[in-house]
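Welcome! Please take a moment with the sequence and the structure before reading on.

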Amino acid sequence: MTSIQDHCCGADVFFDKKTAKKQYRQYLKKGPSRVTAKIIRQLTNNTIEGKSLIDVGGGIGALQWWFLQQGGSQSTAIDASSGYLQQAEEHAIKNAWGEKTNFVLGDYTVVHTQVDRPDYITLDKVVCCYPDYKQIIEVSCKKAKTHIALSYPIDGIISKIVSWFGALLIKFKSNSFRPYVHPVNKIREVFHEQGYERVSHTLAFPWHIETYRRMKG
Ligand SMILES: C[S@@+](CC[C@H](N)C(=O)[O-])C[C@H]1O[C@@H](n2cnc3c(N)ncnc32)[C@H](O)[C@@H]1O
């Protein structure tokens, strides 16, 4: 397994400023991506007004901008990519959201301690970037007050082959970042063990999109 430090340095190089700029232009033209739009749809029935969010690995920040537009009080981006964070921060300043936003660079499982517990946590295409799915989900379950919404890849042989080829291409570029296909049932088990129930599930091939709510008691 890649060390967390190598993983984070690799993510910073892989998700660079050039990629961030390209995705940002796409966002301005077309809005949130297909998968992000489905996460937004799942969260739409919940109260957002006055609530807070940590968007883990939020990239250019599409989920955060939606959250603030719905009346969210505070949003924090935690990302291993300095290029993405810089792009997101520029957008926040342009939209006069400086006071309501916070940007933290680093490995979420380490730097989350710098941020208060939010109502919501989102992990859109992030668990697949992380070598240890159990750790990233457990940290999120302990940290969120009410809801966690995430997207992660379907498992099975085809996903594994695609991921393996992706990892090989990245390795050829001498980058330590790797994509991971984690076992779907095990991911769901962690949420259950941590006292969360699944309230929404959609498939947007090849992604599972799910929202979990903390159970009372
Ligand atoms: C595939 S991109 C997804 C970006 C965005 N959520 C989206 O759906 O467009 C994965 C993101 O997770 C970030 N990331 C990967 N590992 C991370 C970690 N350990 N801590 C924080 N962010 C991480 C990457 O830097 C990148 O921004």
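## Getting oriented

A residue is called buried if 20 or more other C-beta atoms lie within 10 Å of its own, exposed if 12 or fewer do, and partly exposed in between, with C-beta atoms placed from the backbone. This is a predicted model, where local features need pLDDT of at least 70, side-chain atom pairs count only at pLDDT 80 or more, and totals for chains, interfaces and linings use all residues. Residues are numbered from 1 along each chain as its sequence is written. Helices (H or I, at least four residues) and strands (E, at least two) are DSSP runs, numbered from the N terminus.

## Positive phi and a cis bond

Most residues other than glycine have a negative phi, and most peptide bonds are trans. Lysine 125 is not a glycine, yet has a positive phi of about 55 degrees. Lysine 125 sits in the loop between S4 and H7 and is partly exposed, because 18 other C-beta atoms lie within 10 Å. Alanine 96 also has a positive phi, near 60 degrees, and belongs to the loop between H5 and strand S3 (101-105). With 8 other C-beta atoms within 10 Å, alanine 96 is exposed.

For a cis peptide bond, look at the link from phenylalanine 205 to proline 206, where omega is near 0 degrees. Proline 206 is placed in the loop between strand S6 (196-204) and strand S7 (207-214).

## Valine 127

Is valine 127 buried or exposed? Valine 127 is buried, because 22 other C-beta atoms lie within 10 Å. You will find valine 127 in the loop between strand S4 (120-124) and helix H7 (133-143).

Leaving out residues up to four places away in sequence, valine 127 touches Tyr133, Ile136, Ile137, Leu150, Tyr152, His182 and Ile187; contact here means C-beta atoms, placed from the backbone, within 7 Å. Tyrosine 152 is 25 residues away along the chain, with a C-alpha separation of 6.2 Å from valine 127.

Helix H4 (residues 62-69) is largely enclosed by the rest of the structure, because seven of its eight residues are buried. Among them are Trp65, Trp66 and Phe67. Just after H4, glycine 71 takes a positive phi of about 100 degrees.

Helix H3 (residues 34-43) packs with H4 at an angle of about 30 degrees, their axes 10 Å apart. Axes are lines fitted to C-alpha atoms, for helices over the stretch in contact, and angles run from 0 to 180 degrees between N-to-C directions. H3 and H4 are therefore roughly parallel; angles under 35 degrees count as roughly parallel, over 145 as roughly antiparallel, 65 to 115 as roughly perpendicular and the rest as oblique. In this contact, Thr36, Ile39 and Ile40 of H3 meet Ala62, Leu63 and Trp66 of H4.

## Helices H2 and H5

Helix H2 (residues 17-30) and helix H5 (residues 82-94) pack at about 40 degrees, with axes 7 Å apart. That angle makes H2 oblique to H5. Lys17, Thr19, Ala20, Lys21 and Tyr24 in H2 meet Gly83, Tyr84, Gln86 and Gln87 in H5.

## Around the ligand

How many residues surround the ligand? There are 21, and the closest are Gly57, Gly59, Ser81, Tyr108 and Cys129; a residue counts as near if its C-beta atom, placed from the backbone, lies within 6 Å. Helix H1 (4-14) and strand S2 (74-79) are the elements that give two or more residues to this shell.

Definitions and conventions. Contact = placed C-beta atoms within 7 Å.
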